[in-house]
Amino acid sequence: MIRIDILTLFPEMCEAVLNESIIGRAREGKLVEIYCHNIRDYTLDKHNRVDDYAYGGGKGMVMQAEPIYRCFEAVCEMIGKRPHVIYMSPQGKVLTQDKSLKLSEYENILILCGHYEGVDERIIEAIVDEEISVGDYVLTGGELPALILTDSIVRLCDGVLSDSECFENESHFNGLLEYPQYTRPEEWQGKKVPEVLLSGHHANIEKWRYEKSLERTKQKRPDMFKKYMSDNSDKQ
């Protein structure tokens with residue numbers, strides 16, 4: 001079972017999301033362990049400050065290394081080992097489905113959420129194993145990216161979804177975008193569900209879905225389509 005510890009200034013914000021839907025049920029069913037730790041609880045400042053002005057000047061505040069390090073040490077003591085530490089940062093490698101799948105195999109992961117102008121570089125050098133970004137843009141803090149990363153990992157863990165097929169046919173898992181999906185009614189505003197999906201002929205359905213995945217990937221993500229065709233040239 002995987003355990004994820006999130007170091008944040010806003011644990012309530014994280015818990016509000018993590019207690020809902022699939023992740024909430026996974027936590028309740030003890031399929032995963034997720035804990036949110038308030039970095040402010042580990043500051044030695046009497047006013048509970050965890051940030052200060054940046055050396056060299058500039059706008060904004062920088063989170064101090066010591067409270068983060070003390071929180072990190074506390075987590076290490078709780079679990080009896082050093083976890084794999086991820087810092088959510090726009091400077092990190094962009095998150096992919098493959099990365100989430102690899103991280104789902106870890107036993108212990110700690111996610112550090114920065115805020116303001118980020119964290120003191122020395123804490124990154126001291127404890128961070130890798131930096132991950134959720135896209136080439138900047139947010140006000142690392143909480144939303146941490147929640148995205150946690151969701152993408154947890155749903156891949158054993159027992160969280162009803163069947164591995166629930167994610168194996170999704171976009172990005174096999175290098176293609178997912179095929180179109182339909183539900184009742186069979187006709188809506190004059191548009192009908194494709195006949196092949198109503199046929200009950202599984203081989204034809206699978207063929208249609210594969211062709212639609214190729215078509216959709218070529219149209220929406222030509223970069224992915226090119227890579228998929230190159231990686232699977234021996235199967236053409």
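This passage walks through a predicted model, from the overall fold down to a few individual residues.

Starting with the big picture, the protein holds nine helices and nine strands. Its C-alpha trace spans about 70 × 40 × 40 Å along the principal axes. Of the 236 residues, 43% count as buried. Among contacts with a separation of 6 or more, 75% come from residues 24 or more positions apart.

Five strands make an open sheet in the order 2-1-6-5-7, and the pairing is parallel. Strand 2 and strand 7 (130-133) sit at the edges with a single partner strand each, so one side of each has no neighbour in the sheet. From one strand to the next, the twist averages 30°. Helix 3 (residues 65-79) lies across strand 1, strand 2, strand 5 (84-94) and strand 6, and runs at about 160° to strand 1.

On one side, strand 1 pairs with strand 2 (residues 33-38) in the parallel sense, over six bridges. Strand 1 also pairs with strand 6 (residues 108-113), again in the parallel sense, over five bridges. Aspartate 5 shows both pairings: tyrosine 35 stands opposite it in strand 2, and leucine 110 stands opposite aspartate 5 in strand 6. Arginine 3, for its part, has asparagine 108 as its bridge partner in strand 6.

In a regular strand, side chains alternate between the two faces of the sheet.

Threonine 8 belongs to strand 1 (residues 3-8). Because its relative accessibility is 0%, threonine 8 counts as buried. The side chain of threonine 8 comes to 2.8 Å from the backbone nitrogen of phenylalanine 10. Leaving out residues up to four places away in sequence, threonine 8 touches Cys14, His37, Asn38, Ile39, Cys113 and Glu143.

Setting aside neighbours within four places in sequence, isoleucine 153 is in contact with Ile2, Ile4, Ser100, Leu103, Ser104 and Ile109. Isoleucine 153 and isoleucine 111 are 42 residues apart along the chain, and their C-alpha atoms are separated by 12 Å.

Over to the helix pair. Two packed helices are described by the angle between their axes and the distance between the axes. Helix 8 (residues 202-220) packs with helix 9 (residues 222-231) at an angle of about 125°, their axes 5 Å apart. Helix 8 is therefore oblique to helix 9. From helix 8, the contact draws on Tyr210, Leu214, Thr217, Lys218, Gln219 and Lys220. Helix 9 supplies Pro222, Met224, Phe225, Tyr228 and Met229. Sorted by class, the contact has seven nonpolar, two polar and two charged residues.

Most residues other than glycine have a negative phi, and most peptide bonds are trans. Serine 21 has a positive phi, near 55°, although it is not a glycine. This serine 21 lies in helix 2 (residues 21-28). Asparagine 48 likewise has a positive phi, near 60°, and is not a glycine either. The loop between strand 2 and strand 3 (51-53) is where asparagine 48 is found, and asparagine 48 is partly exposed because its relative accessible area is 41%. As for peptide bonds, arginine 184 and proline 185 are joined by a cis one, with omega at about 5°. Proline 185 sits in the loop between helix 7 (165-168) and strand 8 (187-188).

Terms used: Residues are numbered from 1 along each chain as its sequence is written. This is a predicted model: local features need pLDDT of at least 70, side-chain atom pairs count only at pLDDT 80 or more; totals for chains, interfaces and linings use all residues. Side-chain values use heavy atoms; hydrogens and water are left out. Helices (H or I, at least four residues) and strands (E, at least two) are DSSP runs, numbered from the N terminus. Buried means under 20% relative accessible area, exposed over 50%, partly exposed in between (1.4 Å probe, protein chains only). A polar contact is a pair of N or O atoms within 3.5 Å; within protein, one must be able to donate a hydrogen and the other to accept it, and residues adjacent in sequence count only if both atoms are side-chain atoms. Contact means heavy atoms within 4.5 Å. Two strands pair if DSSP finds at least two bridges between them. Axes are lines fitted to C-alpha atoms, for helices over the stretch in contact, and angles run from 0 to 180 degrees between N-to-C directions. Angles under 35 degrees count as roughly parallel, over 145 as roughly antiparallel, 65 to 115 as roughly perpendicular and the rest as oblique. Ala, Val, Leu, Ile, Met, Phe, Trp, Tyr, Cys and Pro count as nonpolar, Asp, Glu, Lys and Arg as charged, and the others, Gly among them, as polar.
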